[in-house]
Amino acid sequence: MKVFTGLKAFALAATLGVVAEPYAVSASETLSMSNAPMGELTAELSVLFAQEREAMTGVSADAVAVVLSNYRPKAKPTPPVKVEYSQPFLAQLPKATGGEAWECLSEALYFEARGESVKGQFAVAEVILNRVSSPAFPDTVCGVVNQGTGKKYQCQFTYTCDGHAEEIHEPKAYTRVGKIARLMLDGAPRRLTEGATHYHTTAVNPRWARKFPRTAQIGVHFFYKMPRA
């Protein structure tokens, strides 16, 4: 039977994956390489090092186990999403996918703004997400998009209550707005509309627009904030 002592024993234990971090091993410690199964060997080593650590530090193995079980490494900060409001920028991005929120936002951008410029489509996405962030509206994307769809033409986004089926006939346009939806849900900045929660086309003049501060005009849409109470 071959016997290793001191640092050689520690090195072998580290190789076997028993020691998670460096610490001193006394010269009196020995590691027996017998015919014992590896599971038994590593278990024996774990007990040996736990006992040694407790003797040296006064901290029990159970206390160490509790600390380690509750340890959570700090998450690295997510870098800001870099966005360019252009067709070439979107073209080089991979096709986007996502869950329910992504589907609702993509459909809203397709039916509400697919004929707008890229910047105009981003702006509409901003309004929807600004509503999600506002206590005055539902707190989910789908809740915002489908708000007030109980009666025909009495809803926040006309395509959801006009009585027509929502069918995608322009797949390229849907792919493009899907990328915008993905970027916005992933944290792209909302800097185009200055916190707008409403918009309408330049072809109409709704009564509420007279009381809401206008924040921007992008393409054929005017954007507004809700007035402060």
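**Close-up views of helix packing and the core**

**View 1. Helix 5 passes helix 8 in a right-handed crossing.** A crossing is right-handed if the near helix is turned clockwise from the far one by less than a right angle, and left-handed if anticlockwise. Helices here are DSSP runs (H or I, at least four residues) and strands are runs of E (at least two), numbered from the N terminus. The model is predicted, so local features need pLDDT of at least 70 and side-chain atom pairs count only at pLDDT 80 or more, while totals for chains, interfaces and linings use all residues. Residues are numbered from 1 along each chain as its sequence is written, and side-chain values use heavy atoms, with hydrogens and water left out. The axes of helix 5 and helix 8 (residues 171-185) come within 8 Å and cross at roughly 130°. Axes are lines fitted to C-alpha atoms, for helices over the stretch in contact, and angles run from 0 to 180 degrees between N-to-C directions. Helix 5 and helix 8 are therefore oblique to each other; under 35 degrees counts as roughly parallel, over 145 as roughly antiparallel, 65 to 115 as roughly perpendicular and the rest as oblique.

**View 2. Residues of helix 5 meet residues of helix 8.** Among those in helix 5 are Trp102, Leu105 and Tyr110; helix 8 brings residues including Tyr174, Ile180 and Met184. Contact means heavy atoms within 4.5 Å. By class, this contact has 12 nonpolar, two polar and three charged residues. Ala, Val, Leu, Ile, Met, Phe, Trp, Tyr, Cys and Pro count as nonpolar, Asp, Glu, Lys and Arg as charged, and the others, Gly among them, as polar.

**View 3. Helix 5 (residues 100-113) and helix 6 (residues 118-133) have axes that come within 10 Å and cross at roughly 130°.** That makes helix 5 oblique to helix 6. The contact involves Leu105, Ala108, Leu109, Glu112 and Ala113 of helix 5, and Gln121, Val124, Ala125 and Ile128 of helix 6.

**View 4. The largest nonpolar core has 40 residues.** Such a core is a set of buried Ala, Val, Leu, Ile, Met, Phe, Trp, Tyr and Cys residues joined through side-chain atoms within 4.5 Å. Helix 6 gives the largest share, eight residues. Ile180 is one of the residues with the most contacts inside the core.

**View 5. Thr193 lies in the loop between helix 8 and strand 3 (198-201).** Thr193 is buried, with a relative accessible area of 0%; buried means under 20%, exposed over 50% and partly exposed in between (1.4 Å probe, protein chains only).
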